[in-house]
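Thanks for coming, everyone. Let me put the structure on the screen, and then we go through its side-chain contacts.

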Amino acid sequence: GSFNASLCVIAIAAALAGPAGAQQTDKILSGYGYAVDGNTLAIGADSVRIAGVMAPLLNQRGEDQIARSYPAGLYARDVLASFVAERPIACRVVPQHSKEKDGQGRYFGICAAGDTQDIGAALVQRGWAMVDRSGDTAAYGNYAELESRAKARASRAIEALVKLQPNVAHVERAGAFQDIATEQLAGGDVF
């Protein structure tokens, strides 16, 4: 019930005590909400921009390793939504350059929900956001280290995929399918 949700919000707020040296306020925005985009939450009438990270814009597209386009902004929003779905959210307001809100009226905040104690760190760690070096981010956790690790994991995964090239291809030639060595493939071969 609402009593359990209140206790959960209090526990989350306690986890948001913030790192030493971080400029922060005692203002905590809490309740149930939803992801607006890859780094913005709506909690009641308030909007919160996750401090210290940048995610793809909602309409931004990305490109995978084989040049296929995908909706990166929508995917980032969905990842953020997965952290907050049906969970109470608590965000401690952390001013950036002495301002509590950005130009769009969103509070800057470090947020937690459910088992995720720092949503910004979780987004960076999973590769769906990167460190926003334009703000007062140095004190808000080790986002840069998490970003480095995520990039290294992605590089290793790409290298492993490149090594998975097949030796043989199943190709149609002269109306019949046959298995041939990949180095013998020719332009126009149908797989």
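**Salt bridges, rings and a disulfide**

There are four salt bridges in this structure. By salt bridge I mean a side-chain nitrogen of Lys or Arg within 4 Å of a carboxyl oxygen of Asp or Glu. A word on the source: this is a predicted model, local features need pLDDT of at least 70, side-chain atom pairs count only at pLDDT 80 or more, and totals for chains, interfaces and linings use all residues. Residues are numbered from 1 along each chain as its sequence is written, and side-chain values use heavy atoms, with hydrogens and water left out.

Take Lys27 and Glu100. Their side chains meet in a salt bridge, 3.0 Å from N to O. The two sit 73 residues apart: Lys27 in the loop between helix H1 (2-15) and strand S1 (28-31), Glu100 in the loop between S8 and S9. Helices (H or I, at least four residues) and strands (E, at least two) are DSSP runs, numbered from the N terminus. Lys27 has 30% relative accessibility, so it counts as partly exposed. Glu100, at 28%, is partly exposed as well. The cut-offs: buried is under 20% relative accessible area, exposed is over 50%, partly exposed is in between, with a 1.4 Å probe and protein chains only.

Next, Arg49 and Asp132. This salt bridge is 3.1 Å, N to O. Arg49 lies in strand S4 (residues 46-50) and Asp132 in the loop between S10 and helix H4 (143-162), so the pair ties together parts that are 83 residues apart in sequence. Buried or exposed, Arg49 and Asp132? Both are buried.

One of the others joins Asp78 to Arg77, with 3.3 Å between the closest N and O atoms. Asp78 is partly exposed at 41%. Arg77 is partly exposed at 25%.

Now the rings. How many aromatic pairs does a search of the whole structure find? It finds two. Rings of Phe, Tyr and Trp (its six-membered ring) pair if their centres lie within 6.5 Å; planes under 30 degrees apart are stacked, over 60 edge-to-face, the rest tilted. Tyr70 and Tyr75 have ring centres 5.6 Å apart and planes at 25°, so that pair is stacked. Tyr75 also pairs edge-to-face with Trp128, at 6.2 Å centre to centre and 75° between the planes. Tyr75 lies in helix H2 (residues 72-84) and Trp128 in the loop between helix H3 (119-125) and strand S10 (130-131), so this pair ties together parts 53 residues apart in sequence. Together, Tyr70, Tyr75 and Trp128 are linked by ring pairs into a cluster. Trp128 is partly exposed, at 24%. Tyr70 is partly exposed, at 25%. Tyr75 is partly exposed, at 39%.

On to the disulfide, defined as a pair of cysteine sulfur atoms within 2.5 Å. The count is one. Cys91 and Cys111 form it, with sulfur atoms 2.1 Å apart. The link is right-handed, with 115° about the S-S bond. Cys91 lies in strand S8 (residues 89-93) and Cys111 in strand S9 (residues 107-113), so the pair ties together parts 20 residues apart in sequence. Both Cys91 and Cys111 are buried.

Last, Thr40. It is in strand S3 (residues 40-43). Its relative accessible area is 2%, so Thr40 is buried.

That's it from me. Over to you.
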